[in-house]
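Please look through the sequence and the structure shown here before reading on.

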Amino acid sequence: MQEAVSQEAGSFSCLVCGCGSVGFLILERLRREHITFTCLDNDPARVKELREQNYEALCIDIIDKERLSGLGWFNVVFFVSDSHEVNLSGVLWARKALPSAHVIARANDPINKVDLLEAGADFVIYPQEIIANTAYSSLEQLRCSGNSSKLIHILEQWTGTLGIVLHTNPDPDGISCGLALAELAHIANPDLHVQLLYDGVIGYQENRALVNILELKLERLTPKSLTQCEYIALVDSGGPGINNGLSRDTPVHIIIDHHNEQQISQNAAFIDIRPRYGACASILTEYIKALNITPDPKLATALLYGIRTDTKDFHRNLSPNDLMNAAFLLQYADAELLEKIMFPQYSYETMDILGHAILHRKTRSGYLFSNVGYVRNRDALPQAADMLLSLEGISTAIVYGITDEAIIMSGRNRDVRLNLGTVMSETFGAIGDAGGHATMAAASIPLSIFSLVRDKEVLLDLVIEPLLQNLYRQIGLLEENVEQK
Ligand SMILES: [Mn+2]
């Protein structure tokens, strides 16, 4: 789906057909904004008046297709005469002659609107009072926010069910993005059914609080739930199988992400990956802004919380956009709701894992490693790594443990010379799922047949050494000198 404007970058021009009261307001606005345009009307007297006002108006009848075709190429074409039949004929012509142009038509009643849309108009406006402003804002949106318009345009065309797949063990950033995309899909296309799907567990007491307090309906990602989806969207994940429960060959239609993993070749209709952004919620907030949508308090609160947690309260991977988007959301967010989500109680298990991580830490040259043994709640690992990174003298903290299915690692880093995401992916990418950002990364190495071993901690002790040796080698640490401290 090509964007109309991208065809002739730099030379943006409009054609205004019909220069009555509405058309004239549009001309004035275009001139004020220094946008190149051509205008025409079929009434010689009107054309004369326009010329007296320094508009180079042409005397052409909209139904004269030959003369219209001689005018050349335009990015946007307006048909805003008083006559519905004339406007309709113009739309039909433009759809054929200028297939990639954005066509805006004026309707005099709702039935006209349906006719014009069916004829291929991209946007239909009425009544008069708002015509000029609406027309201009659609033009502006088209120019400034190609991506959000494109997303809406794609969603509009779909029928059936859209499955929004969150990542494995979804975090607030992913959850809020799923919620935002569902809202955009609902606005673009109320008939499109949307399901939020996830696998793993909703760990972290704050994440559970987010889901419960906002009363979100998240469903399990299963082969059955997948077959019910005609379309799949990924938020906060760069491709199928990258930190989500999809197999790598699952066709995916939308990808919105801020991680910089190597992207698997994708034929998705919509891909927007911005590694510069601290949170994926920031990207979704920009769509909301560009589309002039007022987010409801729940959505604004969720997105704000997503940005806050992914940037660790504006301290980590922060971009100016994250701050501006957070400021935008703040006007709509519910402070009381945010308070409830942010300060829930810790579970006993999380507290135990944090305690274990502190007691079993080993450090060397600014690196800290900690074995937390068998865990059910894997989300306690990044919390432990976060906490241990604040220990004096530590620039990189890596916490590891074992679940029923995998050996898991979570790392946090503030040493600018080290890209922890790259280290993890180079060390463990071949045998598991691994990657992340320079400052935060994770790895998960499946146990496969060894998942049958009953004593997982013994298994971990048996296999962890060679894995750690590889990691030490990657980061240039002499393995024998990692000591308890
Ligand atoms: Mn994220």
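This is a predicted model: local features need pLDDT of at least 70, side-chain atom pairs count only at pLDDT 80 or more; totals for chains, interfaces and linings use all residues.

Residues are numbered from 1 along each chain as its sequence is written.

The C-alpha trace of the chain spans about 90 × 45 × 45 Å along its principal axes. The chain holds 18 helices and 19 strands; these are DSSP runs, numbered from the N terminus, with helices being H or I of at least four residues and strands being E of at least two. Of the 485 residues in the chain, 43% are buried. A residue is called buried if 20 or more other C-beta atoms lie within 10 Å of its own, exposed if 12 or fewer do, and partly exposed in between, with C-beta atoms placed from the backbone. Contacts can also be sorted by sequence distance: among those between residues at least 6 apart in sequence, 62% join residues at least 24 apart. Two residues are in contact if their C-beta atoms, placed from the backbone, lie within 7 Å.

The chain is divided into domain 1 (4-144), domain 2 (154-342) and domain 3 (348-484), with bounds that come from an automatic or database domain assignment. Between the C-alpha centres of domain 1 and domain 2 the distance is 37 Å.

Next comes the sheet. Strands of a sheet pair through backbone hydrogen bonds, either parallel or antiparallel. Here 6 strands form an open sheet in the order β3-β2-β1-β4-β5-β6, and the pairing is parallel; two strands count as paired if DSSP finds at least two bridges between them. The edges are taken by β3 (57-59) and β6 (123-125), each with a single partner strand, so one side of each has no neighbour in the sheet. On average, neighbouring strands of this sheet are turned by 20° against each other, direction ignored. One of the pairs is β4 (residues 76-79) with β5 (residues 102-106), which run parallel and are joined by 4 bridges. Within this pair, V77 has V103 in β5 as its bridge partner.

Helices lie against these strands. Helix α4 (residues 84-97) packs on the sheet, touching β1, β4 and β5, and its direction makes about 175° with that of β5. Axes are lines fitted to C-alpha atoms, for helices over the stretch in contact, and angles run from 0 to 180 degrees between N-to-C directions. Helix α1 lies across β1 (13-17), β2 (36-41), β4 and β5, running at about 160° to β1. The 12 residues of α1 (residues 21-32) should span 16 Å at 1.5 Å a residue, and its end C-alpha atoms are 17 Å apart, which agrees; the expected span is 1.5 Å times one less than the number of residues. Buried residues in α1 are V22, G23, F24, I26, L27 and L30.

From L92 to Y367 the C-alpha distance is 67 Å, and the two are 275 residues apart in sequence.

Another pair of helices is α7 (residues 146-156) and α8 (residues 172-188), whose axes come within 9 Å and cross at roughly 65°. In α7, L151, I152, L155 and E156 meet L184, A185 and A188 in α8.

Helix α12 (residues 297-310) has 14 residues, which should span 20 Å at 1.5 Å a residue; its end C-alpha atoms are 20 Å apart, which agrees. Since 12 of the 14 residues of α12 are buried, the helix is largely enclosed by the rest of the structure. Its buried residues include L299, Y305, R308 and D310. Among the elements covering them are α8, α9 (205-213) and α11 (280-290).

Some backbone angles remain. Most residues other than glycine have a negative phi. Just after α12, K312 takes a positive phi of about 45°, and H34, which follows α1, has a positive phi near 55°. N243 has a positive phi near 55° and sits in the loop between β10 (231-235) and β11 (254-257). With 25 C-beta neighbours inside 10 Å, N243 counts as buried. S448 has a positive phi of about 50° and is found in the loop between β18 (440-446) and α18 (456-475). S448 counts as exposed because it has 10 C-beta neighbours inside 10 Å.
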